[in-house]
Amino acid sequence: MIRKFIPLVCLISTLCSCSSSDEDNASTHPTPRFFAKGADISWVTQMEQEGLEFFNREGQQTECTALMQQIGMNAIRLRVWVNPEEEWNSQEDVLRKARRARDLGMRLMIDFHYSDWWADPGKQYPPKAWEGLPVGKMQENLAAHTRETLRLLKHDGIEVDWVQVGNETTDGMCWPTGRLSLHPENYARLHDAGYRAVKEVYPRAQVLVHIDNGFDARRFDRVLDVLDKYGARYDMIGMSLYPGVEWERKTRACVENIARLSSERGCPVMVCEVGMPWDKAAEARRMLDYLLGQKASIRGFAGVFYWEPEAPAGYNGGYSMGAFANGRPTEALEAFKD
């Protein structure tokens with residue numbers, strides 16, 4: 001397989017499939033030019049239709065994306081589903097939300113689930129239209145969906161800085177065809193098809209591989225070793241971190257893993273999802289203060305995104321790790337202010 005230029009550290013270690021350009025060469029401690037402080041607010045259009053409103057700390061009603069910026073965030077993350085039963089997280093819904101971020105000058109991450117619904121470590125089911133396809137045909141469909149979605153955004157003048165090829169692909173994607181534990185070579189092929197499709201539309205966008213439990217070093221090595229073995233490319237490593245109320249041990253282990261991965265793999269690392277119980281705002285604030293405070297000491301640390309902070313307690317089937325109460329941001333989000 002033809003590769004782009006690989007950083008010297010990767011050639012020495014033979015561990016890393018991070019891609020780079022002459023302008024953005026990675027090193028043993030890559031330094032991102034921009035530190036992302038953001039949130040995934042993909043539920044926002046659904047919430048608005050349901051009549052939910054958002055207010056700043058002073059009680060003034062504020063559109064959610066603008067409120068994230070007021071809180072101190074500079075980036076937004078949006079998930080994409082292929083053929084959802086309702087309009088939420090469809091290409092058109094993503095476009096509506098992405099326009100808001102663009103108009104506010106906020107940076108954008110696109111998170112492809114490659115499913116008609118949620119994809120996570122416990123379920124990675126392909127869209128119904130892709131079921132039963134051989135891996136080659138599934139690669140084609142995955143690449144086409146990626147290009148089509150990104151071209152829709154680019155045609156509207158929207159820049160995309162980061163793209164996740166899959167969501168929490170700890171055991172691959174599009175099961176069973178691309179299940180890492182069964183068909184590691186297929187998972188690598190699907191991932192690389194997404195990588196190539198992203199670069200066709202946004203050559204400068206950073207492509208992430210996203211894995212859950214950022215504190216678990218072994219699961220990151222397991223996934224990344226498969227991608228490296230089969231020559232699949234990625235520019236950045238993404239993590240999820242839900243450490244629980246007793247957050248200190250897991251968050252510190254996550255920070256250690258960020259530093260280790262950025263050094264050993266020669267790639268920047270980003271926390272793409274973080275969250276704690278909504279009613280433990282003080283503890284969440286301390287956790288975020290600690291996590292965000294590492295950006296100065298870990299040169300490969302690229303950013304932190306809170307996952308659906310605007311969600312009220314129990315929203316959409318019981319989600320309880322937002323960071324709003326009565327439509328207002330809690331103390332937890334004060335950590336994102338400069």
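This is a predicted model: local features need pLDDT of at least 70, side-chain atom pairs count only at pLDDT 80 or more; totals for chains, interfaces and linings use all residues.
**Stop 1: the main core**

Start by selecting Met 68, Ile 110 and Leu 153. Within the largest nonpolar core, which has 92 residues, these three touch the most other members. Next, colour helix 6, residues 184-201: this helix gives the most to the core, with 7 residues.

Now zoom in on Met 68 and show its surroundings. Leaving aside residues up to four places away in sequence, Met 68 touches Ala 39, Ile 41, Met 73, Ile 76, Met 106, Pro 309 and Phe 324.

There is also a second, separate core, made of 10 residues; to find it, select Ala 36, Trp 162, Leu 208 and Cys 272, which are among its members.

**Stop 2: a parallel strand pair**

Show strand 4 (residues 162-165) and strand 5 as cartoons. The two run parallel and are joined by 3 bridges. For a point of reference, pick Val 163, which stands opposite Val 207 in strand 5.

**Stop 3: a cis peptide bond**

Move on to Trp 175 and Pro 176 and display the backbone. The peptide bond joining them is cis, with omega at about -5°. Pro 176 belongs to the loop between strand 4 and helix 6.

**Stop 4: two residues with positive phi**

Select Asn 89 first. This residue is not a glycine, yet its phi is positive, near 70°. Asn 89 sits in the loop that runs between strand 2 (75-80) and helix 4 (91-103). Is Asn 89 buried or exposed? Its relative accessible area is 2%, and the cut-off for buried is under 20%, so Asn 89 counts as buried.

Then jump to Glu 308, another non-glycine with a positive phi, here about 45°. Look for Glu 308 in the loop between strand 8 (301-307) and helix 10 (315-318). Glu 308 has a relative accessibility of 0% and so is buried.

**Stop 5**

Rolling a probe the size of a water molecule over the atoms shows where empty space is left. The second largest pocket holds about 420 Å³ of space. To centre the view, select Trp 81, Pro 84, Glu 85, Asp 116 and Trp 117, the closest to the pocket's centre of the 20 residues lining it. Colour the lining by class and you will find 9 nonpolar, 5 polar and 6 charged residues.

Note on methods
Residues are numbered from 1 along each chain as its sequence is written. Side-chain values use heavy atoms; hydrogens and water are left out. A nonpolar core is a set of buried Ala, Val, Leu, Ile, Met, Phe, Trp, Tyr and Cys residues joined through side-chain atoms within 4.5 Å. Buried means under 20% relative accessible area, exposed over 50%, partly exposed in between (1.4 Å probe, protein chains only). Helices (H or I, at least four residues) and strands (E, at least two) are DSSP runs, numbered from the N terminus. Contact means heavy atoms within 4.5 Å. On a 1 Å grid over the protein atoms alone, a cavity is a set of points where a 1.4 Å probe fits but cannot get out, and a pocket is an open set with protein on both sides within 12 Å along at least five of seven lines; lining residues have an atom within 4 Å of a point. Grid points are joined across faces, edges and corners, and a volume is the space filled by probe spheres set on the points. Ala, Val, Leu, Ile, Met, Phe, Trp, Tyr, Cys and Pro count as nonpolar, Asp, Glu, Lys and Arg as charged, and the others, Gly among them, as polar. Two strands pair if DSSP finds at least two bridges between them.
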